[in-house]
Amino acid sequence: MVTGFLAAAEETRAPVILAFNRHVTPDIPIELGLPLAVQAAQQARVPVATFLDHGHSFEEVAQAIRLGASSVMFDGSALPYEENVRQTREIVRMAHAMGVAVEAELGSIAGSAVEIGDAQPAPEAYFTDPALAAEFVKRTDVDVLAISFGNVHGPYRGEPRLDLERVRTIRALVEIPLAMHGGSGLADTLYPSIIASGISKLGYYTAMGMGAVATLRRQLIEAEPAALAYHHVISAMVQYFRDEARRVFALTGCVAKATP
Ligand SMILES: [Zn+2]
């Protein structure tokens with residue numbers, strides 16, 4: 001994935017964020033996976049950020065910073081509001097001292113990128129409250145805010161109902177970039193309006209991860225099994241992620257956004 005994304009980013013002059021999520025890839029130790037992404041980011045000819053996705057404790061975030069991540073997420077969305085504020089603020093203070101940006105989450109984004117099961121969006125009661133979002137950002141000094149407005153981790157079931165009016169309201173109340181988790185698998189035509197409503201950072205994995213498997217299956221069926229070994233799978237996947245990343249960069253307006 002790293003190789004394919006970076007090739008696509010350099011070819012299209014698109015800046016990109018490489019995220020490491022220990023829950024999605026538990027077989028890859030963070031001590032290996034994250035430094036690999038950091039190394040790739042440093043060598044890239046376009047701006048590449050590295051990101052710890054869904055850190056759940058001070059210790060996890062501190063470890064990612066020590067391993068070189070340029071940005072981290074502290075997900076305190078399951079905590080009571082005041083506790084989310086307290087822990088996020090503590091982590092922001094530590095991360096900023098290290099020159100690292102922090103994303104926090106307010107409101108609950110349902111579903112899982114790990115289990116490809118029945119993900120229903122969070123009920124509206126768990127959507128991000130705009131006034132609370134403004135207060136949260138002010139009190140925590142966080143750099144990016146992940147919000148809940150009908151987006152869901154994992155595949156969307158049925159017609160997604162995104163509350164873009166809520167995104168616009170939050171956008172008007174907070175000055176920092178807003179992040180959308182669960183950004184893959186939507187109709188191509190939706191992306192311009194999602195971005196126009198105020199989303200700056202889009203998490204794009206599940207649909208791409210499932211597309212990789214579909215592509216691999218198709219290629220394996222067509223190929224003569226005796227002529228294939230593991231390294232052919234790697235080549236096929238680098239090519240897939242390269243092509244798919246180019247398509248997503250075009251779809252989301254990232255092409256040529258890298259400053260020389
Ligand atoms: Zn997420």
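A crossover is called right-handed if, with the strands pointing away from the viewer, the path from the first strand over the helix to the second runs clockwise. Helices (H or I, at least four residues) and strands (E, at least two) are DSSP runs, numbered from the N terminus.

Before moving on, note that this is a predicted model, in which local features need pLDDT of at least 70 and side-chain atom pairs count only at pLDDT 80 or more, while totals for chains, interfaces and linings use all residues. Residues are numbered from 1 along each chain as its sequence is written, and side-chain values use heavy atoms, with hydrogens and water left out.

**The sheet**

Now colour the strands. You will find an open sheet of seven strands with parallel pairing, in the order β1-β2-β3-β4-β6-β8-β9. At its edges stand β1 and β9 (199-202), each with a single partner strand, so one side of each has no neighbour in the sheet. From one strand to the next, the twist averages 30 degrees. Two strands count as paired if DSSP finds at least two bridges between them.

Next, select α1. This helix packs on the sheet and touches β1 and β2, and its direction makes about 170 degrees with that of β1. Contact here means heavy atoms within 4.5 Å; axes are lines fitted to C-alpha atoms, for helices over the stretch in contact, and angles run from 0 to 180 degrees between N-to-C directions.

**Around β3**

Select residues 71-74 to see strand β3 and show the side chains: S71 and M73 point one way, V72 and F74 the other way, and all are buried. Buried means under 20% relative accessible area, exposed over 50%, and partly exposed in between (1.4 Å probe, protein chains only).

On one pairing, three bridges join β2 to β3, which run parallel; S71 is the bridge partner of F51. On another, β3 and strand β4 (residues 101-106) pair in the parallel sense over four bridges, and V72 stands opposite V102. To follow the chain from β3 to β4, select helix α4 (residues 81-97), which carries a right-handed β-α-β crossover.

Further along the sheet, select β6 (residues 144-147) and β8 (residues 178-180), a parallel pair with two bridges. A146 has A179 in β8 as its bridge partner.

Because H54 lies in strand β2 and H153 in strand β7 (residues 152-153), the pair ties together parts that are 99 residues apart in sequence.

Stay on H54: it is buried, with a relative accessible area of 8%, and has a positive phi of about 50 degrees although it is not a glycine. H153 is buried too, at 12%.

**Last stop**

Finally, select R13, in the loop between α1 (2-12) and β1 (16-20). Its phi is near 55 degrees, a positive value in a residue other than glycine, and R13 is partly exposed, with a relative accessible area of 31%.
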